[in-house]
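Subject: Structure handover

Hi,

Here is the structure for you to look over. My notes on a pocket and on the aromatic side chains follow below.

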Amino acid sequence: MIRFAVQSDFEEIRALWEICFPDDTGFNDYFFAHVFALDTVVLYELDGRIAAMVQMLPYCVQINGETVPATYIYGACTHPDFRRRHLMSQLLEWSFAYDKEHGVQASMLIPQEKWLFDFYRPFGYVPAFALSMVEYQEVERVQHIGLRKMTDADLSACSELYLAKTADYPLTVVRTLEQWQAQLMLFESFGAGAFVWEAQGNLRGYAFVWEEEDGIWAQELICREDAQQSAFVSALAALTQVSAVRACVPDINGTLLGCIKCYGERSIAQNGYMNLMYN
């Protein structure tokens, strides 16, 4: 039986999550304390147990300039005792039918492994979202006035910069203010933090940053001008006292990250950007 989760399912959901997504960093504890929403979880119940599950997280995606509701499939997993029974296939098909019934226009996901792009292809998912990882070693640490920790008051400007930077992309995941706030809270609580770089009251760039053993990783780094990127990295290195920086930046010709399935006759341009989706 496929159904939405109820409160009494929580402990079994959490246990299955730990089996399928083991974690020693503390992220799982944070996710279930601050992000997890029971009403987004769809379960496949078999023999009185939760055999498989997915989360259907509500997002919006801009497709060729039109913003439409979409479902982000997250945390898709099957208990080892029930694998090879095509349960996930049935869960996905159920989610598609639910989306269509409720006016959702697309389904998105980020495959956990590269080979899963081929697994999801028969369901209509097309590889469509990409980014690039830029690595800086022995960064010259240069202090810059205007680099500081991000606050809630910066989020509207960050959103505007994000949309301006991706305005020419055929596909872009659009974040609500609440989704921006959730990411800020995550990186403040669990990462190195989120930072903005401004000059004369104008936002020049922002970055959401994790600590790494030998430096920092900016999971999303966006500059208003590409030519300013190295200076921004140098400023981040100086502020965080590291010399090695990795940064993910928008690049529709970069490494594939995610897939999209559009319902109906909508054409899909296979070049887009998504990130900061608990990936």
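One point before the details: this is a predicted model.

The pocket. The second largest pocket has a volume of about 280 Å³. Its lining counts 17 residues. Those nearest the centre are Val35, Leu57, Tyr59, Gln179 and Tyr278. Three elements each give the lining at least two residues: α2 (27–34), β3 (49–63) and α6 (177–190). By class, the lining has eleven nonpolar residues, five polar and one charged.

The aromatic pairs. The whole structure holds 33 of them. Take Phe10 and Phe32. Their ring centres lie 5.9 Å apart and their planes meet at 80°, so this pair is edge-to-face; the cut-off for that class is over 60 degrees. Phe10 belongs to helix α1 (residues 10–20) and Phe32 to helix α2, so the pair ties together parts 22 residues apart in sequence. Phe10 is partly exposed, at 27% relative accessibility. Phe32 is buried, at 9%.

Now Phe27 and Phe31. Their ring centres are 5.9 Å apart, with the planes at 35°, so the pair counts as tilted. Both residues sit in helix α2, four residues apart, which is about one turn of the helix. Phe27 is buried at 17% relative accessibility. Phe31 is buried too, at 1%.

Charges over rings. Arg175 lies over the face of Tyr162, 4.2 Å from the ring centre. Lys261 has its charged end over the ring of Phe96, 4.7 Å from the centre.

Best regards

Technical notes. Residues numbered from 1 in each chain as written. Predicted model: local features only at pLDDT ≥ 70, side-chain atom pairs only at ≥ 80, totals over all residues. Heavy atoms only, no water. 1 Å grid on protein atoms, 1.4 Å probe; cavity = no way out; pocket = protein on both sides within 12 Å on 5 of 7 lines; lining within 4 Å. Points joined across faces, edges and corners; volume = space filled by probe spheres on them. Nonpolar A, V, L, I, M, F, W, Y, C, P; charged D, E, K, R; others polar. Phe/Tyr/Trp six-rings, centres within 6.5 Å; stacked < 30°, edge-to-face > 60°. Buried < 20%, exposed > 50% of the residue type's maximum accessible area, 1.4 Å probe, protein only. Lys NZ or Arg CZ within 6 Å of the ring centre and 35° of its normal.
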